[in-house]
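Open the model in your viewer and keep selection by residue number at hand. The stops below go through side-chain pairs and a helix packing.

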Amino acid sequence: MNAPAKPAVVLVSGGMDSAVVLAIARAAGFAPHALSVRYGQRHTSELDAAARVAQALGAVAHKTVHVDLRSIGGSALTDDIDVPTDADGHVIGQGIPSTYVPARNTIMLAVALGWAEVLGATDLFCGVNAVDYSGYPDCRPEFIAGFEALANLATKAGVEGRRFRVHAPLMRMSKADIVREGLRLGVDFAQTVSCYQADAEGRACGHCDACRLRAQGFAEAGVPDPTRYAGIG
């Protein structure tokens, strides 16, 4: 008789990266519990996408937690600050852009850690990437290593000897590699929303960093891009 799958908490934003991470966790034999965070982001169409992705990729549960980061602002995603685009000359990777949300990944992983401890899980999965990304400090390997150390210091489970691990399987992958891996694992990228300023129907702007990196990934992978863009249909 097969042993039951180990539970794991997977952060699922609704974007392409986290969808691939969810598929990776499931393929690795975990029982994935998908966690999304409504943090006051510009739009909620990505959260609608997260629900679709969680169901399609076999998450055993999907929970959305509310954390009001808009009340502190400080980001183009949570405040009245324009999202940088190619139209205003913004170059990806030059400095930390205004779309950086202060402490967002720290907060999301902390919520995931809390749920994991309740579930008796010791594995957390997230979609951070340090290759094709916008330069956020909380997407680097040093951050993941630091949070993993924190998880094992700050929890009852960790103190009692159950070691937490934070998995970031996309860390060293290009966007093209992520596209290929997702297709191999059966991810339907048409269900995902990556754009920082998507409309209510999930249609993308085509000009923000997230849109540009996504389009680059599909182009370099030689795969048709299923993204729906505003004004195109």
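Buried means under 20% relative accessible area, exposed over 50%, and partly exposed in between (1.4 Å probe, protein chains only). This is a predicted model, in which local features need pLDDT of at least 70, side-chain atom pairs count only at pLDDT 80 or more, and totals for chains, interfaces and linings use all residues. Residues are numbered from 1 along each chain as its sequence is written, and side-chain values use heavy atoms, with hydrogens and water left out.

Select R180 first. R180 is partly exposed, at 41% relative accessibility. Helices are DSSP runs (H or I, at least four residues), numbered from the N terminus.

Next, show α6 (residues 175-184) with α7 (residues 209-221): they pack at about 70°, their axes 7 Å apart. Axes are lines fitted to C-alpha atoms over the stretch in contact, and angles run from 0 to 180 degrees between N-to-C directions. Contact (heavy atoms within 4.5 Å) involves K175, A176, V179 and R180 of α6, and L213, R214, G217, F218, E220 and A221 of α7.

Move to D199 and R203, another salt bridge, at 2.7 Å from N to O. D199 has a relative accessible area of 22% and R203 one of 21%.

Finish at E160 and K156, bridged at 3.1 Å; both are exposed. The structure holds seven salt bridges.

How values were computed. Helix = DSSP H or I, 4+ residues; strand = E, 2+ residues; numbered from the N terminus. Salt bridge = Lys/Arg side-chain N within 4 Å of Asp/Glu carboxyl O.
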